[in-house]
Amino acid sequence: MKNSEYYIVKYWTIIRVVVLLLLIQPLIVGCVPEPRPKIYGAPSMLPPATPDSSDEDLALKLFDEAKQLKLQGKTSEADLKTEQIISTLVGTEIWAQLIHQRVKPSIDDKLFAAAIGDVEAILYNRPHYTEIDQLKRLYADLLIKVSRFEDAENLLRQLYKSSSDSKNRLVLADLFSVVLKKNGRSSEAVELLIELANAKEYTAKEQQRLLHSAEELLNGRVGFQETEQLWAKYRNDSKWQKLLPMLGFKLSKIYFHTRHYNRAEQMLIEIEKRFSDT
C-alpha cells in the first residue's frame, strides 16, 4: 500500500472511532449506577492542610448563620452558607460534621460509593474528628457492604487492638469475625470469639452468644488443617473447655473420613475420657 493510501485509511479509521465514541457516550453515562455529591477534600497523595483557629471560628460563624437563616425560612441562603463551609473550610470540625451528615442518606439510598468517599474525606482531612471512632466503625461496615474485605480486615484489626472499651470491642469483634471468615481465616475468628467469651467484663448472656458464634464457625468454615492446629494449640487450655468436645469430635470425624481410623478412634477415646460429663 502506498504511503498516501495508508494515511487516508488511518485517517478514516480514527474518524470512525471518534464518531462511535460520541454515539455511545450517552449510553455509558446512563450506566453510571451511583451519582454522588461533590466531595471537597477527597484524599490525595498530598498531606492534608491543617485548618487554623481562624478557619474553625469562621466555619462556626457561617454554620450559626446558616441555622438562623433556616429558622427564618431562607433555605436557599442557608444552603449557600453550608456549601461555603464544605467547599472552602475543608478539615474544620464543622466541615467534618456536615460531611458526616451526608453519609446516612447515602447509605439509605444504597449509594455506598458516595458514603465511602465522604467517610474517607473525613478520615483524611480531620483525623481527630470528635466522632472518629464511630466513623471508623461505620467505614468498616461500608467496606464489608462493598466486599472490600481485606481493607475491612486491616482497619478492624487496628481498631480492635487499640480499643480499651469493652462494649466497643464487642461490636468490633462481631464485624471482625465476619471479615475474617470472608477472608478464609475462620480459625482466627474462632480464637477471637473464644478470647472474648472468657472476658469477665461481659455478661453470661454475652459470653454465651460469643461461644455460640464460635461453635457455628467451627462447624461450618474451619477446615482440616485449621482444626488440627486449634486442637494442638488449645487442647489443654482451660479457656477452651466448652469448645474442646466439639473441636475434638470434629477432628475425629475428619480423621475417619480421611481413613485415619486409628487416629479417629484415639480421638474419640480421649474425648470420652476427658469430657464424659459434658
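Which helices are included in what covers the buried residues of H5? To find out, open this predicted model and follow the stops below.

**First stop: helix H5**

Select residues 112-125, which form helix H5. The 14 residues of H5 should span 20 Å at 1.5 Å a residue, and the end C-alpha atoms are 20 Å apart, in agreement with that expectation. Next, colour the helix by accessibility: H5 is mostly covered, with ten of its 14 residues buried. These are Phe112, Ala114, Ala115, Ile116, Gly117, Asp118, Val119, Ala121, Ile122 and Asn125. Now display helix H4 (93-108) and helix H6 (132-145); both are included in what covers the buried residues of H5.

**Second stop: helix H10**

Move to residues 204-220, helix H10. Show the side chains of Glu206, Leu210, Leu211, Ala214, Glu215, Leu217 and Leu218, which are buried in H10. As a guide to reading such a list, an α-helix has 3.6 residues a turn, so residues three or four places apart point the same way.

The structure holds four aromatic pairs, and two of them are visited here. Select Phe224 and Tyr255: their ring centres lie 6.1 Å apart and their planes stand at 90°, so the pair is edge-to-face. Phe224 belongs to helix H11 (residues 224-234) and Tyr255 to helix H12 (residues 244-257), so this pair ties together parts that are 31 residues apart in sequence.

Select Phe256 and Tyr261 next. This aromatic pair is also edge-to-face, with 5.4 Å from centre to centre and 65° between the planes. Phe256 is partly exposed at 48% relative accessibility, and Tyr261 is partly exposed with a relative accessible area of 45%.

**Last stop: a charge over a ring**

Finally, select Arg169 and Tyr160. What sits over the ring of Tyr160? The charged end of Arg169 does, 4.1 Å from the centre of that ring.

Key
Residues are numbered from 1 along each chain as its sequence is written. This is a predicted model: local features need pLDDT of at least 70, side-chain atom pairs count only at pLDDT 80 or more; totals for chains, interfaces and linings use all residues. Side-chain values use heavy atoms; hydrogens and water are left out. Rings of Phe, Tyr and Trp (its six-membered ring) pair if their centres lie within 6.5 Å; planes under 30 degrees apart count as stacked, over 60 as edge-to-face and the rest as tilted. Helices (H or I, at least four residues) and strands (E, at least two) are DSSP runs, numbered from the N terminus. Buried means under 20% relative accessible area, exposed over 50%, partly exposed in between (1.4 Å probe, protein chains only). A charge sits over a ring if NZ of Lys or CZ of Arg is within 6 Å of the ring centre and within 35 degrees of the ring normal. The expected span of a helix is 1.5 Å times one less than its number of residues. Contact means heavy atoms within 4.5 Å.
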